[in-house]
Amino acid sequence: MSPFDLAVSAEMTFTELPVVERVRRISEAGFAAEIWSWQDKDLDALVATGARFSSMTGYLHGDLFDEAGSAELVRTAALCLAPAAKLGVPRLNFHTGELIDGQAARPQYRSTGAMWLTAQRALEKIARLGEEAGVVFCLENLNTIVDHPGVPMARAKDTLALVESVSHPNLKMMLDLYHAQIGEGNLIELVRRCGDKIGEIQVADVPGRCEPGTGEINYPAIARVLADQGYTGTIGLEGWASGDSDTALTAFRKAFTL
């Protein structure tokens, strides 16, 4: 039995099925479900599945690196609170830079001091939104080498620094170890360093972004370190199935069962 709460992205598994059926299959397999956007989904139908939801995207537009972008991020984050409450989602995920079809909406290849200060002020507002609504906003790290070039302040060490600078219980990290392996590596020391700033962990193997066991990351070793440091929170498979989705979910569970 896993000591962690395991979740699976409905955006990346059982992709041959409609989203509602993906969520149902994930739930029937004993996992919580993760979704990304909510505005393109039938929320009532998702609720009717009886599934438990781990996280969803917590903003519609905006970024953290200038005043106009950060104001828009805070504004649209507030719009996500009612859908999150309807689904019972405890964590809302967001990024330092807006993504459109996975790419930076406004590419920035150099971070400035002004960007960092703007981000910190916006994150303080985001944290207060989370406190008022009883949810945790999670800032996700991204890799800028393969998947998301042009997103500033996106590495795990950057998102950790931002979360620590605000130091609020309703603002945590969405620590994505797939992205961190590509951009930074040294994952075991990274999870130790992030400690109680972790709100949720997302995983997929490298290369390929598929289930654990298909690439170079030793996820069972990471699982042991997480357990040793007392982490019992959510670990979500945000990766593609290399073949059959049921087989991928079995491999994911095995990697995080001690």
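Which helices and strands cover the buried residues of helix H9? In this predicted model, the cover includes helix H7 (177-183), helix H8 (187-194), strand S9 (198-203), strand S10 (234-237) and helix H10 (245-255).

- Strands of a sheet pair through backbone hydrogen bonds, and the pairing may be parallel or antiparallel.
- Strand S2 (residues 32-34) runs parallel to strand S3 (residues 53-57), and two bridges connect them. Glu 34 has Ser 55 of S3 as its bridge partner.
- Strand S1 (residues 5-9) is joined to S10 by four bridges, and these two strands also run parallel.
- Gln 202 has its bridge partner in Gly 236 of S10.

**Strand S10 and its two faces**

- In a regular strand, side chains alternate between the two faces of the sheet.
- Both faces of S10 are covered. Thr 234 and Gly 236 are buried on one side, while Ile 235 and Leu 237 are buried on the other.

- S9, H9 and S10 together form a β-α-β unit that is right-handed.
- Within helix H9 (residues 219-228), the buried residues are Tyr 219, Ala 221, Ile 222, Ala 223, Val 225 and Leu 226.
- At the start of H9, Asn 218 places a side-chain oxygen within 3.2 Å of the backbone nitrogen of Ala 221.
- After H9 comes Gly 230, which has a positive phi near 85°.

**Salt bridges within single helices**

- Across the whole structure, a search finds 15 salt bridges. Side chains of opposite charge can pair when their charged atoms come close.
- In helix H1 (residues 19-28), Arg 24 and Glu 21 lie three residues apart, about one turn of the helix. Their side chains meet in a salt bridge with an N to O distance of 3.4 Å.
- Arg 24 counts as partly exposed because its relative accessibility is 28%. Glu 21 is likewise partly exposed, with a relative accessible area of 33%.
- Helix H3 (residues 67-79) holds both Glu 72 and Arg 75, three residues apart, about one turn of the helix. The closest N and O atoms of this salt bridge are 2.9 Å apart.
- Glu 72 has a relative accessible area of 25% and is therefore partly exposed. Arg 75 has a value of 45% and is also partly exposed.

**A salt bridge between helices, and a network**

- Arg 193 and Glu 164 form a salt bridge in which the closest N and O atoms are 2.9 Å apart. Arg 193 belongs to helix H8 and Glu 164 to helix H6 (residues 156-166), so the pair ties together parts that are 29 residues apart in sequence.
- Arg 193 is partly exposed at 47% relative accessibility, and Glu 164 is partly exposed at 30%.
- Glu 11, Asp 40 and Lys 41 are linked through a network of salt bridges.

Terms used: Residues numbered from 1 in each chain as written. Predicted model: local features only at pLDDT ≥ 70, side-chain atom pairs only at ≥ 80, totals over all residues. Heavy atoms only, no water. Pairing = 2+ DSSP bridges. Buried < 20%, exposed > 50% of the residue type's maximum accessible area, 1.4 Å probe, protein only. Contact = heavy atoms within 4.5 Å. Polar contact = N/O pair within 3.5 Å; in protein donor to acceptor, adjacent residues only side chain to side chain. Right-handed = clockwise from strand over helix to strand, strands pointing away. Salt bridge = Lys/Arg side-chain N within 4 Å of Asp/Glu carboxyl O.
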